[in-house]
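Thank you for making time for this today. I would like to walk you slowly through one structure, so please have the picture open while I talk.

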Amino acid sequence: MSRTRLVALDVDGTLMSYDGVISDDVRAAVREVVAAGVHVVLATGRGAHSAVPVARDLGLTDGWVVCSNGAVTARLDPDGDAGGFELTDVVTFDPGPALRAIAMEIPDALYAVEDLGVGFKVSEPFPPGEISGEITVVGFDELLVTPATRVVIRSPGSSPEEFHAIVERVGLHEVQYAVGWTAWLDLTPGGVSKASALETVRRRLGVEPFATAAIGDGGNDLEMLAWAARGVAMGHARDEVRAAADEVTGTIDDDGAVQILRSLL
């Protein structure tokens, strides 16, 4: 019998395909793990407004969701009045220096600052489907002074390689960042990651460190995979993500998370 009592699950590319589909097998496996008494905690770059509906879709009605790459933790509350969740931990940073530095290098970049629990404030509309929730277009100067849990910088005209080179040249020392599969940059408060938020959740739940597991596929999952006693990378993850894990499962197309979840039973 598995000794795992807490499993942290990335969403996009781990439980959900890149076209937004969660399979019936994934839903069933999550329900089985919950029924077995294991705490299932979603840990995602999504904001709470976007992560909580995924939790509901998976049948999770109580417990914790780590959002915004660890800057926000929400407690599921089906009886609450605020969309079925309560924000319990919020860490912000001043996005001004990073935004100004990137703007000097990429004048036509798109910027979004998370509007906590609601959506995003953006400098201009993003390509359809790339960010979710209520989208409010505001002036760049307003974004500079808005305390942020998460900032997204998107450069539609740049390749990922060009974008990464610019980020490295600028040197964003006071925030954590993860460059995505496209010319996309996520900024979160310094010292904050999925792992730091999960450690707080683990202590609240009284779970021993050896009884933790995590599954993920992205650069923003590296700390989480190292934090977990059993860190599992999806089979389609990049080399550095698979190298950070204790084991590798199938790809998202194979529903690789299902095999790991059922191994916890």
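I will begin with the aromatic rings, go on to the packed helices, and end with a few residues in loops.

Please keep in mind throughout that what we are looking at is a predicted model.

Let me start with the rings. A pair of aromatic rings is described by the distance of the centres and the angle of the planes. When the whole structure is searched, two aromatic pairs turn up. One of them is formed by Tyr111 and Phe140, whose centres are 5.1 Å apart and whose planes make an angle of 55 degrees, and this pair is tilted. Tyr111 belongs to strand S6, residues 110-115, while Phe140 belongs to helix H4, residues 140-144, so the pair ties together parts that lie 29 residues apart in sequence. Is each of these two residues buried or exposed? Tyr111 has a relative accessible area of 3% and is buried, whereas Phe140, at 27%, is partly exposed.

The other pair brings together Phe126 and Trp184, with 6.3 Å between the ring centres and 75 degrees between the planes; planes over 60 degrees apart count as edge-to-face, so this pair is edge-to-face. Phe126 sits in the loop between strand S7 (119-122) and strand S8 (134-137), and Trp184 sits in strand S11 (residues 184-189), so here the parts tied together are 58 residues apart in sequence. Phe126 counts as buried at 10% relative accessibility, and Trp184 counts as buried at 13%.

Now to the helices. Two packed helices are described by the angle between their axes and the distance between the axes. Helix H1 (residues 24-35) and helix H9 (residues 256-263) have axes that come within 9 Å and cross at roughly 20 degrees. Angles under 35 degrees count as roughly parallel, and H1 and H9 are therefore roughly parallel to each other. Their crossing is left-handed. On the H1 side, the residues in contact are Asp25, Val26, Ala28, Ala29, Val30, Glu32 and Val33, and they meet Val258, Leu261 and Arg262 in H9. Sorted by class, the contact of H1 with H9 has seven nonpolar, no polar and three charged residues.

Which helices pack at an angle of about 125 degrees? They are helix H3 (residues 96-105) and helix H5 (residues 160-170), and their axes are 10 Å apart. H3 and H5 are therefore oblique to each other, and their crossing is right-handed. H3 contributes Ala101, Ile102 and Glu105 to the contact, and H5 contributes Ile166, Val167, Arg169 and Val170. Five of the residues in the contact of H3 with H5 are nonpolar, none is polar and two are charged.

Finally, the loops. Gly47 is in the loop between strand S2 (39-43) and helix H2 (48-57), and with a relative accessible area of 2% this glycine is buried. Leaving aside residues up to four places away in sequence, Gly47 touches Cys67, Ser68, Glu114 and Arg150.

Ser68 counts as buried at 0% relative accessibility, and Asn69 is buried with a relative accessible area of 6%.

Methods: Residues are numbered from 1 along each chain as its sequence is written. This is a predicted model: local features need pLDDT of at least 70, side-chain atom pairs count only at pLDDT 80 or more; totals for chains, interfaces and linings use all residues. Side-chain values use heavy atoms; hydrogens and water are left out. Rings of Phe, Tyr and Trp (its six-membered ring) pair if their centres lie within 6.5 Å; planes under 30 degrees apart count as stacked, over 60 as edge-to-face and the rest as tilted. Helices (H or I, at least four residues) and strands (E, at least two) are DSSP runs, numbered from the N terminus. Buried means under 20% relative accessible area, exposed over 50%, partly exposed in between (1.4 Å probe, protein chains only). Axes are lines fitted to C-alpha atoms, for helices over the stretch in contact, and angles run from 0 to 180 degrees between N-to-C directions. Angles under 35 degrees count as roughly parallel, over 145 as roughly antiparallel, 65 to 115 as roughly perpendicular and the rest as oblique. A crossing is left-handed if the near helix is turned anticlockwise from the far one by less than a right angle, and right-handed if clockwise. Contact means heavy atoms within 4.5 Å. Ala, Val, Leu, Ile, Met, Phe, Trp, Tyr, Cys and Pro count as nonpolar, Asp, Glu, Lys and Arg as charged, and the others, Gly among them, as polar.
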